[in-house]
Amino acid sequence: MHVDRFSEVIFLVFQVVEKNVDPETTLLTYLRRKLGLCGTKLGCGEGGCGACTVMISRFDNLQKKIINYSANACLFPICALHHVAVTTVEGIGNTKTRLHPVQERIAKSHGSQCGFCTPGIVMSMYTLLRNQPEPKMEEIEDAFQGENCLYDLISTSLFNPSAFQPLDPTQEPIFPPELLTHNNKPQKQLCFKGERVMWFQPSTLKELVALKAQYPDAKLVVGNTEVGKRKHFVPVWGFVNIIFAMGQISAVSEFSGICFGASCSLSHLEEVLRKAVAQLPSYKTEVFRAVIEQLRWFAGPQIRNVAQQTCFLSFLLLRIHICILILLDEPIDHGNNTKASFVLLIISSNKANICFLFFSKGEYFSAFKQASRREDDIAIVNCGLRVLFPEGSDCVQEIKLSYGGMAPTTVMARKTCQELIGRKWKEDLLQEACHMLASEMNLSPSAPGGMVDFRRTLVLSFFFKFYLTVLQKLNIELNGNVSPSIIHSAGLKECSREVPPGQSIEDTVGRPLMHLSAAKQASGEAVYCDDIPRYENELYLTLVTSTKAHAKILSVDTTEAQNVPGFFCFISEKDVPGSNITGIANDETIFVTCVGHIIGGVLADTQEHSRRAARAVKITYEDLTPIVTIEEAIEKQSFFKWVRKIEKGNIQKGFEEADHIVEGEMYLGGQEHFYLETHCTIAVPKKEDGEMELFVSTQNLTKTQVSQFLGVDLIFAIGGCLRCMLDRDEDMLISGGRHPFLGFYKVGFKKNGRITCLDVSFYSNGGNSADLSFGVMDRAVFHMDNSYNIPNIRGIGRVCKTNLSSNTAFRGFGGPQGMMVAECWMSDVALKCGLPAEEVRKLNLYHEGDLTHFNQKLEGFTLRRCWEECIKNSDYHARRKFIDEFNRQNRWKKRGMAIIPTKFGISFTAGALVHVYTDGAVLLTHGGTEMGQGLNTKMIQVASRTLGIPTSKIYISETSTNTVPNASPTAASVSADINGMAVLNACQTIIKRLEPIRSANPKGSWEDWVLAAYQSCVSLSATGFYRIPDLDYDPEKNEGKAFAYFSYGVSCSEVEIDCLTGDHKNLRTDIVMDVGTSLNPAIDIGQIEGGFVQGVGLFTLEELRYSPEGNLYTRGPGMYKIPSFGDIPTEFHVSLLRDCPNSKAIYSSKAVGEPPLFLSASVFYAIKDAIIAARQESGLKEPFRLDSPATPERIRNACVDVFTKMCPSAKPGTFKPWSVRV
């Protein structure tokens, strides 16, 4: 096909006519770079986080109406925007004019923390309201399915609903009339050409077939949800973009069913199927209901709104003959370029239809899927199962069993199906079918994707579920019997405290003041690092990283990279004039080979050119043997020299006094930080004196010494600004996360569960450098007791040196790992004694005045109060009885409940700077980094109370080393404590200077006093500094004060597990937390909820998967699952302990960032409690091992039953696993 001219694309954000469209440009890139609309964020680049959500509007010629739908801008091609309108978060409201009611509500109800994903959440809700002004709760939950965030998940109830402006649908922007004028014009083929790629948009199927004949290797793109994820474009061929009408929905003469256009979106498919289910007899819509149920768990609405049905349905449904692909009208000679499908294809000139067949009586269908997370689009195993019986009979006439995830493509269990024909749907059929499936659906123990035992077991579990479902329907059909169902209620609430009586209305300490940045975050006006506009002559840096875990670099060839347009230069260690040593412990060398370590960097004129050039750099290695796992490090004695040991009491005597001794081990996987904003740095050289300004997304400014190793001279030699923002996969590969831990324990105890002795050894995977691994292990050993008084105790911690990216500080800093192992042996003790776990835990809790194992006296010990209040709030004992009864009545669904305490030590220095101006305005700067935790809000509240002025007079500037040098990292939960005291110190200095002036004019105003001070030459600027006093712990003597104080909390969680699939639901959580006298209860509750949900990810979802060679598989949300909205407990109750002031921190408050995270262990141990109930059904009553996270794989494999026994594990050492735990 000859192309005479290239098309222009017309769409509306502002009035846009773009003539030079590059097909590789996404809507997100266009919005941010070309239009400067940076409210839409880049979080993952693969449609998995929702931070880039926008609303797309277009006129649908088939439905004759304007349709609005949410979409991921990071995947949406700019070429596909022809004749549509795009609405971004900036287009619905802002702080300068008026916030939209959606923006206002999420801000004022404390639903935004770091705020990076808030615009995406806002746009998801906005789109829903445009389509459904009064949505049901189920529709709201579904709208948020495509949003993943660790913090902006939950809003508190500490607000006044009457203050909200009402939603008025009549005031929303109308669809641009100029776009409507194009709908009456005939469609024509479009063509766009970029540097490497051509994009065609045919207007008829005949044009499509002709294009495929000319470009046989071209990709067919509809929603771009799969091609868009693949960032490595192949320049040989172009894209062929199919944008047909959705297709006529009608019956077809050859058979009874519903037909859809081939490019019909999944959302529209679901809408039509729901209408059919409501109108037609239930037996006819058997498959419709199954498809609707599966769509519920297929990605989020942003994906379903653009993804076409064939990507979701074709393989499973075509295989089992319930869906037929038909292309109607006149046949076309398509040569040899169109491959045959599972059914006969008739290629036509106008329409491409996929048709769903109506079922007949006696025909049943079920679809099942198990993924790492319920709201996920990638199944571990899925299946479509269909059976047909003659009317009035239970004898199998026809059966089709199709499975995905058991081979490279979907497979049919043909042998099993053949053997089952003619058999009655009875118990013996089930047994034989399972044995045959276990044999036919086998997997190599080295199969890609791993989880081999789990996948094999799921095949049997799914068939068993299908068997029971069909059996129940047959009973109804043949006998009229029906089984009852159980329905559960849902709720969400938080409890707070009132401020003291008589507190001034202007004193905001203790009040739920809205997060200072919330409104700007909700409107997309908050500026993040990569939102800073491009500088003139700016260059982009892309890092070149090692693909080997342990190797020597033989050569680096940049020849191919230099041929990429816009290439500037390649830099390596040879180009570094500064120091080549960095790291917390100064033991990291830049540009050396290790897992994902930096070898060099490519500078180019744009981000795209820089990335292309970086991929073109060729590196030759000499492979060396890597050490990847903790077990390998132990075997090869690969440790850092540092060892931490704490011992108290007489270990030998403690074991001699014990009635029972239990030994065991537990592995805790690592965790990716998965901040939505990836690492970003902008270096701006100044014109004079060799000065350079760095904009860095960091929480540790003091240690951000970029110029130390990159070299200021190098950047000046380049002659322009540099920008580097890591892609999600780069960020996950290069930066370390939470340390994986392996704990070995031996615990002695009495018959009543009283612990007499504990001996525990910890091993952490530190990676290839020390970083903060010693401090992390320190805290793990300090917290190995959790909250329990153990008279004889010994703990030893060692850090393993491996060929992985160095692991580092993470929320909890080793505390969760130490406490998790403690709760593991505590669970074993309760099981061994045959006692309720809550009784054993309570029996061993500390009391006021007890000494810890590091000999620090517990003062202000409120944990037992938290415990009793949590027992009461959760109605623990009544619910325990209900759970026991539920478990007696249900074989394959089990519930569990656990109540878990935490005791978290707080220890750190800080600085602050306060300027007061002559008009009374106050500028406040401190050394902490605001990253969503509400630190700036709290600091303004502290300054407001200390100075006695309204918060409206106080402004806060961004953290910078030119105002507060040598600041401590914003870490360890103490930022409000130490920065608050520094702010207090600075403000008190100002107040002391103003005292003579206030005494001379006691009736004057704040402005009067400030102006008088200025006229009297009194300094109105002051610095503040604070360090936590009396921290003098001596590890050699095991004495002194290790922590300033402790934060306490208790959590009770209830879960329900599916014993057949390993799936679980978080039904309810009750938390009681001691935060002292809260500075801001709304922010503190948000921190508790956010920390808890992040912990839910740590202990139940987030699993890092590495190859045996040390390559990280989990480099994005496609494989690495953080919590989504559906993982929040259905009922979530958070209350702050009353009347517990803390004399050792600012205004009697307590740290709240890290302590709540471990409370999510209550979900893990509730899961373990449910597994115990399942194992008892199989006669297993002894302690068992359950490692963290409690993924569906681990839960299912622990629920030992007849199906797991049919799928025995391969003997370790006889095969090479696809992945290893590190």
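Predicted model: local features only at pLDDT ≥ 70, side-chain atom pairs only at ≥ 80, totals over all residues.
Colleague: With which side chain does that of glutamate 363 make a polar contact?
Modeller: A polar contact is a pair of N or O atoms within 3.5 Å; within protein, one must be able to donate a hydrogen and the other to accept it, and residues adjacent in sequence count only if both atoms are side-chain atoms. Glutamate 363 is in strand E13 (residues 363-371); strands (E, at least two residues) and helices (H or I, at least four) are DSSP runs numbered from the N terminus. Contact, meaning heavy atoms within 4.5 Å, links glutamate 363 to Glu286, Arg386, Val387 and Leu388 once neighbours within four places in sequence are left aside. The side-chain polar contact, at 2.8 Å, is with arginine 386.

Colleague: Is glutamate 363 buried or exposed?
Modeller: Buried means under 20% relative accessible area, exposed over 50%, and partly exposed in between (1.4 Å probe, protein chains only). Because its relative accessibility is 10%, glutamate 363 counts as buried.

Colleague: Which residue does UniProt give as "active site", and which backbone nitrogen lies 2.6 Å from a polar atom of its side chain?
Modeller: The unreviewed UniProt entry places this feature at Glu1154; UniProt positions are in the numbering used here, feature names are shortened, and annotations may be inferred rather than shown by experiment. Glutamate 1154 lies in the loop between strand E40 (1131-1136) and helix H31. It is counted as buried because its relative accessibility is 8%.

Colleague: Which side chain makes a polar contact with that of serine 1162?
Modeller: Serine 1162 lies in helix H31 and, because its relative accessibility is 0%, counts as buried. Beyond neighbours within four places in sequence, serine 1162 is in contact with Ala898, Ile900, Ser1051, Cys1052, Ser1053 and Phe1092. The side-chain polar contact, at 2.7 Å, is with serine 1053.

Colleague: How far apart are the C-alpha atoms of threonine 127 and methionine 55?
Modeller: Threonine 127 is placed in helix H3, where it is buried, with a relative accessible area of 3%. Its side chain has a polar atom 2.7 Å from the backbone oxygen of methionine 123. Residues up to four places away in sequence not being counted, threonine 127 touches Met55, Asn68, Tyr69 and Ser70. Although threonine 127 and methionine 55 are 72 residues apart along the chain, their C-alpha atoms are separated by 6.1 Å.

Colleague: At roughly what angle do the axes of helices H7 and H8 cross?
Modeller: Leu266, Leu269, Glu270, Leu273, Arg274, Ala276 and Val277 in H7 meet Phe288, Arg289, Val291, Ile292 and Leu295 in H8. Axes are lines fitted to C-alpha atoms, for helices over the stretch in contact, and angles run from 0 to 180 degrees between N-to-C directions. The axes of H7 (residues 266-279) and H8 (residues 286-296) come within 9 Å and cross at roughly 140 degrees.

Colleague: What value of phi does histidine 110 have?
Modeller: Most residues other than glycine have a negative phi, and most peptide bonds are trans. Histidine 110 lies in the loop between helix H2 (101-108) and helix H3 (118-131) and is buried, with a relative accessible area of 9%. Although histidine 110 is not a glycine, its phi is positive, at about 65 degrees.

Colleague: What is the omega of the cis peptide bond from serine 1188 to proline 1189?
Modeller: Proline 1189 lies in the loop between helix H31 (1161-1177) and helix H32 (1192-1198). The bond from serine 1188 to proline 1189 is cis, and its omega is near 5 degrees.

Key:
Residues numbered from 1 in each chain as written. Heavy atoms only, no water.
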